[in-house]
Amino acid sequence: MSLRPLTSPWFHAPAGHEKLWLGVAILWCFVMSLMMPYWHFRGKQNSRGEAYTVKPADFLARTEKFVAANRVGTFKNPVANAFAPELPIVEPAPGGDAYLTARMWQWYPALRLRQGETYRLHLSSLDLQHGFSLQPLNMNFQVLPGYDHVLTLTPTSKGEFTIVCNEFCGIGHHAMTGKIFVE
């Protein structure tokens with residue numbers, strides 16, 4: 001069998017059910033386009049966009065100062081790797097600032113927060129782009145080096161929440177987990 005050129009007319013206008021499905025798809029695109037700005041302002045899981053430029057070394061220094069001033073214990077990382085077998089557990093003052101640093105392949109430190117209290121969580125990366133995904137909640141943020149992204153959060157339920165990196169960051173990506181304990 002050889003290749004043959006297309007015969008005219010090769011294109012046929014949509015008909016019957018094809019028109020119906022094209023109409024539904026276009027209508028759905030319009031509805032979703034309207035929902036994006038609506039959920040940006042009404043959705044409780046969205047960041048308000050507070051971010052500042054910062055040198056990674058300066059952010060690490062702030063994090064280390066925060067850990068030294070507020071350390072309450074240590075946490076044995078169940079996904080232990082050579083970089084993070086144990087993490088300090090840090091409890092910021094209610095209404096205060098908490099610092100969380102992303103670096104290959106760990107979140108540093110583990111945080112202990114109080115239910116119903118509001119905190120300003122500062123996120124930054126020391127090396128490359130990471131993703132902050134708080135499980136089992138639907139919170140996902142990009143964490144970039146050179147930027148201090150500030151999230152205002154008020155924990156509404158007690159429990160142990162896992163932080164997962166959802167941006168591939170190299171060979172140890174699978175072990176990049178952190179913890180937030182809410183009491």
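**Exercise 1. Find what lies over the face of Tyr108.**

Solution. Arg103 lies over the ring face of Tyr108, 5.0 Å from its centre. For such a contact, NZ of Lys or CZ of Arg must be within 6 Å of the ring centre and within 35 degrees of the ring normal.

A word on the model: it is predicted, so local features need pLDDT of at least 70 and side-chain atom pairs pLDDT 80 or more, while totals for chains, interfaces and linings use all residues. Residues are numbered from 1 along each chain as its sequence is written, and side-chain values use heavy atoms, without hydrogens and water.

**Exercise 2. Work out how the rings of Tyr38 and Trp39 are arranged.**

Solution. Start with the total: the structure holds six aromatic pairs. Rings of Phe, Tyr and Trp (its six-membered ring) pair if their centres lie within 6.5 Å; planes under 30 degrees apart are stacked, over 60 edge-to-face, the rest tilted. Tyr38 and Trp39 have ring centres 5.2 Å apart and planes at 75 degrees, so they are edge-to-face.

Next, check exposure (buried is under 20% relative accessible area, exposed over 50%, partly exposed in between, with a 1.4 Å probe and protein chains only). Tyr38, at 40%, is partly exposed, and Trp39, at 42%, is partly exposed too.

**Exercise 3. Describe the pair of Trp107 and Phe132.**

Solution. This pair is edge-to-face, with 5.7 Å centre to centre and 80 degrees between the planes. Trp107 belongs to strand S5 (residues 106-108) and Phe132 to strand S8 (residues 130-135), 25 residues apart; strands are DSSP runs of E, at least two residues, numbered from the N terminus. Trp107 is buried at 0% relative accessibility, and Phe132 is buried at 0%.

Terms used
Helices (H or I, at least four residues) and strands (E, at least two) are DSSP runs, numbered from the N terminus.
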